Amino acid sequence: MKIDFEYGQGTMTAELPDNTDIFIPGETVKDPAYIPEDKLEEAYLESLAHPIGMPTLTELAHKGSTVTFIVPDRVKGGEQATSHRKLSIKYILRELYAAGVEKKDILFIISNGLHPRSKESDAKAIFGEELFNEFWHTGQIISHDSEDQEHMVYLGKTHRGDPVYMNKYVFDCDIPILIGHVQGNPYGGYSGGYKHSATGITNWRCIASHHVPSVMHRDDFTPVNGGSLMRDKFNEISMHMEEKMGHPFFCCDAVLDTCSRQIAIYSGYAKEMMPISWKLADKRTYVHWAEKKYDVLVFGMPQKFHYGDGMGTNPIMMMQALSAQVLRFKRVMSDNCVIICSSICNGYFHDELWPYLREQYELFQHDHMNTLPDINRYGEYFATNEEYIRKYRFTNAFHPFHGFSMMSCGHIAEMNTSAIYIVGAEEPGYARGMGLKTRATFEEALADAEKKFVGKNPNILALPMTFKKAAVHLCMKNPEDDCMDAYGHRHNNGGCGCC
């Protein structure tokens with residue numbers, strides 16, 4: 001069979017055996033039904049009227065209350081007119097105004113964490129024309145700046161010893177409102193909830209307590225699940241924030257489908273709300289489909305996807321993207337699994353967006369750097385580089401520590417595969433510099449893998465649209481055949497070696 005896979009700005013065709021299985025999110029297995037557009041207002045009002053585990057906004061708010069919305073950046077969540085961000089804010093504002101809150105007392109913070117601070121065009125896409133015009137020109141839409149020491153507050157450490165820093169605008173307000181998405185995330189199972197606050201409104205020192213090898217290379221991290229140490233740390237850090245603020249976040253999360261449409265809306269106290277929202281999200285995200293383990297995963301990498309233009313060509317970002325798929329698909333991978341992935345791999349680092357990654361990549365090629373974790377000791381050196389920090393603050397670049405979280409993740413692909421082939425690389429040395437094999441075509445890569453790793457007639461899973469659609473965490477059809485469930489519980493069935 002012939003299948004087209006993402007490659008640069010276009011596609012590359014692979015000729016694969018006819019018994020190759022194909023999985024496309026939202027198509028191979030249908031998502032749960034989404035809320036029709038004409039029913040969305042009713043769903044939001046119902047959720048806000050009955051928040052889980054805390055009073056309504058009408059009860060919490062009054063004239064003089066200061067309100068800060070914490071709103072995710074563009075990495076996920078959709079930007080359509082009926083997106084969760086746009087609608088949740090619209091209906092929450094209506095409730096706040098009815099309770100007497102004044103427009104001047106409302107602030108929106110885009111919770112980019114270590115991601116690039118949002119440009120005006122980003123804010124317009126996130127909020128839509130109406131909200132943007134209402135709040136942008138009065139300076140009431142800002143982007144989190146984790147290096148603005150005047151507007152960060154240190155809250156001490158969690159019981160585990162993790163430092164907690166927090167955006168001061170959020171800390172000081174009367175009602176902090178978290179707008180989140182319950183979408184599959186390779187880091188801890190789901191976005192939204194306490195993951196949102198633990199990563200979006202803090203700084204690199206706090207994030208360095210969990211986005212590091214000592215947490216990400218544990219056996220509770222792969223495959224992706226909601227019971228890992230990383231997820232525990234998200235919860236502990238956010239609950240520590242709530243304790244120091246003296247009140248909880250008011251959370252409004254939406255479970256989203258493959259096209260970022262709302263399946264359900266949940267509001268309230270994140271500690272109680274998250275487990276309830278996850279039960280429904282599990283049906284869309286942890287898809288029990290595979291009837292066998294796969295020896296070969298085949299997919300393609302476009303040049304531009306969720307972290308930005310160049311993610312599929314920058315060698316360090318490529319490694320993170322490969323590892324994210326291992327995290328999602330580990331339950332259905334055989335012990336000797338091989339990945340074959342197309343990437344134009346043309347040396348485009350996009351230095352404006354990731355100004356430090358070229359230096360990191362070059363460093364990795366020298367000085368006894370044998371595996372990616374060897375470079376982790378340079379984390380603070382990069383994270384405190386004044387010029388890289390200035391680029392994060394003022395030129396919409398990623399924060400330099402973000403590269404170390406990417407490298408921590410990037411090693412997971414090597415930990416869990418026999419080999420990874422990059423096909424179609426224009427500058428293959430960049431892929432080889434990350435320990436990847438290179439071949440000109442899918443067919444050549446498969447022939448080499450059969451000869452060296454997987455034998456003749458391997459089980460092959462093709463994954464077109466992997467980086468174009470909201471991903472799932474793929475599982476075995478029989479849950480008992482999974483090595484680990486969605487909450488980190490291991491199955492001791494003796495027959496599974498995937499963990």
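Predicted model: local features only at pLDDT ≥ 70, side-chain atom pairs only at ≥ 80, totals over all residues.

Colleague: How many salt bridges does the structure hold?

Modeller: Side chains of opposite charge can pair when their charged atoms come close. A pair is counted if a side-chain nitrogen of Lys or Arg lies within 4 Å of a carboxyl oxygen of Asp or Glu. For the structure, the number of salt bridges is 23.

Colleague: Which residue meets Asp21 in a salt bridge?

Modeller: Asp21 sits in strand 3, and its partner is in the loop between strand 14 and strand 15, 271 residues apart. Asp21 is partly exposed at 22% relative accessibility. The N to O distance is 3.3 Å, and the partner is Lys292.

Colleague: Is Lys233, the salt-bridge partner of Asp162, buried or exposed?

Modeller: The closest N and O atoms of Asp162 and Lys233 are 2.9 Å apart. The pair links the loop between strand 7 and strand 8, where Asp162 lies, to helix 9, which holds Lys233. Asp162 has a relative accessibility of 6% and counts as buried. Lys233 has a relative accessible area of 6%, and since buried means under 20%, Lys233 is buried.

Colleague: Arg490 forms a salt bridge with Asp219; is Asp219 buried or exposed?

Modeller: The closest N and O atoms of this pair are 3.7 Å apart. Arg490 lies in the segment after strand 22, and Asp219 in the loop between helix 8 and helix 9. Arg490 is partly exposed at 33%. Asp219 has 54% relative accessibility, and because the cut-off is over 50%, Asp219 counts as exposed.

Colleague: Which peptide bond is cis, with omega near 0 degrees?

Modeller: The proline concerned, Pro223, lies in the loop between helix 8 and helix 9. The cis bond runs from Thr222 to Pro223.

Colleague: What phi does Asn396 have?

Modeller: Asn396 is in the loop between helix 14 and helix 15 and is partly exposed, with a relative accessible area of 24%. Asp367, in the loop between helix 12 and helix 13, has a positive phi of about 55 degrees although it is not a glycine. Asn396 is not a glycine either, and its phi is positive, at about 60 degrees.

Colleague: At what angle do helix 3 and helix 4 pack?

Modeller: Residues of helix 3 in the contact include Ile89, Leu93 and Tyr97, and those of helix 4 include Ile126, Phe127 and Leu131. The contact residues divide into eight nonpolar, one polar and three charged. The helix axes are 8 Å apart, and the packing angle is about 35 degrees.

Colleague: Which strands are at the edges of the open sheet of six strands?

Modeller: The strand order is 6-5-4-9-12-13, with mixed pairing.

Colleague: Why does the pair of Phe69 and Phe108 count as stacked?

Modeller: Phe69 lies in strand 4 and Phe108 in strand 5, so the pair ties together parts that are 39 residues apart in sequence. Phe69 is buried at 0% relative accessible area, and Phe108 is buried at 1%. The ring centres are 4.7 Å apart. Planes under 30 degrees apart count as stacked, and here the angle is 20 degrees.

Colleague: What is the angle between the planes of Phe382 and Tyr388?

Modeller: Phe382 and Tyr388 are both buried and belong to one aromatic cluster, with Trp204 and Tyr356 among its other members. Their rings are stacked, 6.3 Å centre to centre, and the angle between the planes is 10 degrees.

Technical notes: Residues numbered from 1 in each chain as written. Heavy atoms only, no water. Helix = DSSP H or I, 4+ residues; strand = E, 2+ residues; numbered from the N terminus. Buried < 20%, exposed > 50% of the residue type's maximum accessible area, 1.4 Å probe, protein only. Axes fitted to C-alpha atoms, helices over the stretch in contact; angles between N-to-C directions. Contact = heavy atoms within 4.5 Å. Nonpolar A, V, L, I, M, F, W, Y, C, P; charged D, E, K, R; others polar. Pairing = 2+ DSSP bridges. Phe/Tyr/Trp six-rings, centres within 6.5 Å; stacked < 30°, edge-to-face > 60°.
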